[in-house]
Amino acid sequence: MDDYQKEISDLETQVELLVEQEGDAKTIAELSMQLEILKASHARAIDLFQRCQKDEGLRYGLRIQGYGDLTLDNVYAFVYERSVEIEPDAHSAFVGGIKTADFALMLNP
């Protein structure tokens, strides 16, 4: 389990506890949205990391864009920063943008 999976797991537990305790609905909704974003970002970072392992061009793109050598942390930083640049109209559009963005294409020099 990587650090991002741990963070996702911890947040899932927190949301579950709040739901069980009938916690503040607004807090539950906000944490649930954060959880969706983390899950989408993590899935895309894992996918891109695996693609970079097989493609020197993608690894080169990661380096020249200032993210250093191929590590999950560096790929996650790239995915996160590019995700923030997506201009969402709503939360679902933001998460959808993360899920559909071609991060590998963004790495091509």
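The largest nonpolar core of this predicted model, a nonpolar core being a set of buried Ala, Val, Leu, Ile, Met, Phe, Trp, Tyr and Cys residues joined through side-chain atoms within 4.5 Å, has 30 residues, and those with the most contacts inside it are L48, V75, F78, V79 and L107. Two or more residues are given to this core by each of α1 (3–20), α2, α3 (56–67), α4, α5 (91–100) and α6 (103–107), and the largest share, nine residues, comes from α2. In soluble globular proteins, nonpolar side chains tend to be buried together. Residues are numbered from 1 along each chain as its sequence is written. Local features of the predicted model need pLDDT of at least 70 and side-chain atom pairs count only at pLDDT 80 or more, whereas totals for chains, interfaces and linings use all residues; side-chain values use heavy atoms, with hydrogens and water left out.

The secondary structure of the chain comprises six helices and zero strands, where helices (H or I, at least four residues) and strands (E, at least two) are DSSP runs numbered from the N terminus, and the pattern along the sequence is α-α-α-α-α-α. The C-alpha trace spans about 50 × 30 × 20 Å along its principal axes. Of the 109 residues in the chain, 35% are buried, buried meaning under 20% relative accessible area, exposed over 50%, and partly exposed in between (1.4 Å probe, protein chains only). The accessible surface of the chain comes to about 6600 Å², of which 50% belongs to carbon and sulfur atoms; these areas come from the Shrake-Rupley method with a 1.4 Å probe, and for residues only the protein chains shown count as cover. Among contacts (heavy atoms within 4.5 Å) between residues at least 6 apart in sequence, 60% join residues at least 24 apart. The mean positions of the 10 positive and 21 negative charges of the chain are 7 Å apart, with Lys and Arg counted as positive, Asp and Glu as negative, and His and the chain ends not counted, and with the place of a charge taken as NZ of Lys, CZ of Arg, CG of Asp or CD of Glu.

Helix α2 (residues 25–54) has 30 residues and reaches 44 Å from its first C-alpha to its last, close to the 44 Å expected at 1.5 Å a residue, the expected span being 1.5 Å times one less than the number of residues. Buried positions in α2 include I28, L31, L35, L38, S41, H42, A45 and L48. L35, within α2, counts as buried because its relative accessibility is 10%; with neighbours within four places in sequence left aside, L35 is in contact with I8, L11 and E12. L38 and L11, 27 residues apart along the chain, have C-alpha atoms separated by 9.5 Å.

S41 of helix α2 has a relative accessible area of 3% and is therefore buried. Beyond four places in sequence, S41 is in contact with Y76, V79, S83 and I98. Y76 is itself found in helix α4 (residues 72–85) and counts as buried at 9% relative accessibility; its contacts, not counting residues up to four places away in sequence, are Y4, L38, S41, H42 and A45. The C-alpha atoms of Y76 and L48 are 8.8 Å apart in space, with a separation of 28 residues in sequence. V75, with residues up to four places away again not counted, touches A45, L48, F49, L62 and L70.D2 lies in the segment before α1 and counts as buried because its relative accessibility is 19%. Leaving aside neighbours within four places in sequence, D2 is in contact with H42, I46 and L72, and D2 and L72, 70 residues apart in sequence, are 8.9 Å apart in space, C-alpha to C-alpha. E22, in the loop between α1 and α2, is by contrast exposed, with a relative accessible area of 72%. The phi of E22 is near 50 degrees, a positive value in a residue other than glycine. Most residues other than glycine have a negative phi.
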